[in-house]
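Dear colleague,

Please find below the structure that I am handing over to you. My notes on it follow directly after.

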Amino acid sequence: MPFILENLCGSGIVFPVNSTNSIFPTFLLTGIPGLETQHTWISVCFCAMFFISLVGNVTIMTVIWWEQSLHVPMYLFLAMLAASDLGLSLFTYPTMLRIFWLDARELTHSLCFTQMFFIHTFQVFESAVILAMAFDRYVAISHPLHYTSILTNGIIVRIGLAIFVRTLTVQVPFPILLGRLCFCHSNVLSHSYCLHPDIIKLSCSNTRINSILGLFVVLSTMGLDFLLILLSYVLILKTVLSIASHGGHLKALNTCISHLCAVVLFFTPMICLSLLHRFGPRLPSHIYVAIANVHFFIPPVMNPIVYVVKTKQIRNKILKLFVKKECEKSRITSVT
């Protein structure tokens, strides 16, 4: 039966996702290879990271929303970054924790495709937001006198809308194309969440269109974003070097540290993974899984920490918000 199905798929006959002709109606997620006996202890670490990501990103979004003084381009882009990090966390951590706590590895095709869609959507969205933040830093350092006239509220709305439209345009075709495939090679995915390259490896249909589209989207979104970010920092560095004083150099570069951390956290694991897949030696599968986990799990945790530590305005507004709440509670208690 498997041999017959494989030939049928190869001949271009397509089975619906919920068809009984499909050998594997569900996918099996994988935890951390080689550490299955330690899942309980590892889950504590991931649970703490999930909690930090939720609290950190929601706090940043809330503070920027409530504080009118933070309604400026730099912090509006930071709110977008926090939103994308929050989305990534909500669509990656829960499935991993389900595996650790309940050994619940099964996902139906529709649920897997839905998770994949949102993971890649927030991934591409975050890449575009980081690029927008790089443009913001370039304008702030290279054209400080025209900063407010260049990055007006109208321009910020257009940039946000362009990011949203671009992200949806490139991501919507993926679940539609995957729905046309049948899966009879295997149903065990390499990760604790569903990713497009991982899913198409399991298909016994012709996946050439899926592979070409996937490569095109990666290069035209995150690949292009990374090159434009590099270009923006070349221009920033050129401006900084033209500043006469050493103190001016440090002050200008200091405004970029938080953003540079976001760039490194997001792009470094992705670039390493791409280079290893294409040019590196064949390594154990858990190495690739570990690098992918760093790419998806670490930025949502570290970005809010870095921005709170390095950005005085955000830190002060957060303290002010909590102090204000404590004062209100004390006032209510004293009245009652």
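Leu-195 is found in the loop that links α7 (173-178) with α8 (196-200); helices here are DSSP runs (H or I, at least four residues), as strands are (E, at least two), numbered from the N terminus. This is a predicted model, in which local features need pLDDT of at least 70 and side-chain atom pairs count only at pLDDT 80 or more, while totals for chains, interfaces and linings use all residues. Residues are numbered from 1 along each chain as its sequence is written, and side-chain values use heavy atoms, with hydrogens and water left out.

Leu-195 has a relative accessible area of 8% and is therefore buried (under 20%; exposed is over 50% and partly exposed in between, with a 1.4 Å probe and protein chains only). Beyond its neighbours within four places in sequence, Leu-195 is in contact with Met-116, Ile-119, His-120 and Phe-296, contact being heavy atoms within 4.5 Å.

His-295 belongs to helix α12 (residues 285-310) and is likewise buried, at 6%. Setting aside neighbours within four places in sequence, its contacts are Gln-123, Phe-266, Pro-269 and Met-270.

Ile-119, Gln-123, Glu-126 and Met-133 in α4 meet His-295, Phe-296, Pro-299, Asn-303 and Tyr-307 in α12. By class, this contact has five nonpolar, three polar and one charged residues (nonpolar: Ala, Val, Leu, Ile, Met, Phe, Trp, Tyr, Cys and Pro; charged: Asp, Glu, Lys and Arg; polar: the others, Gly among them).

Yours sincerely
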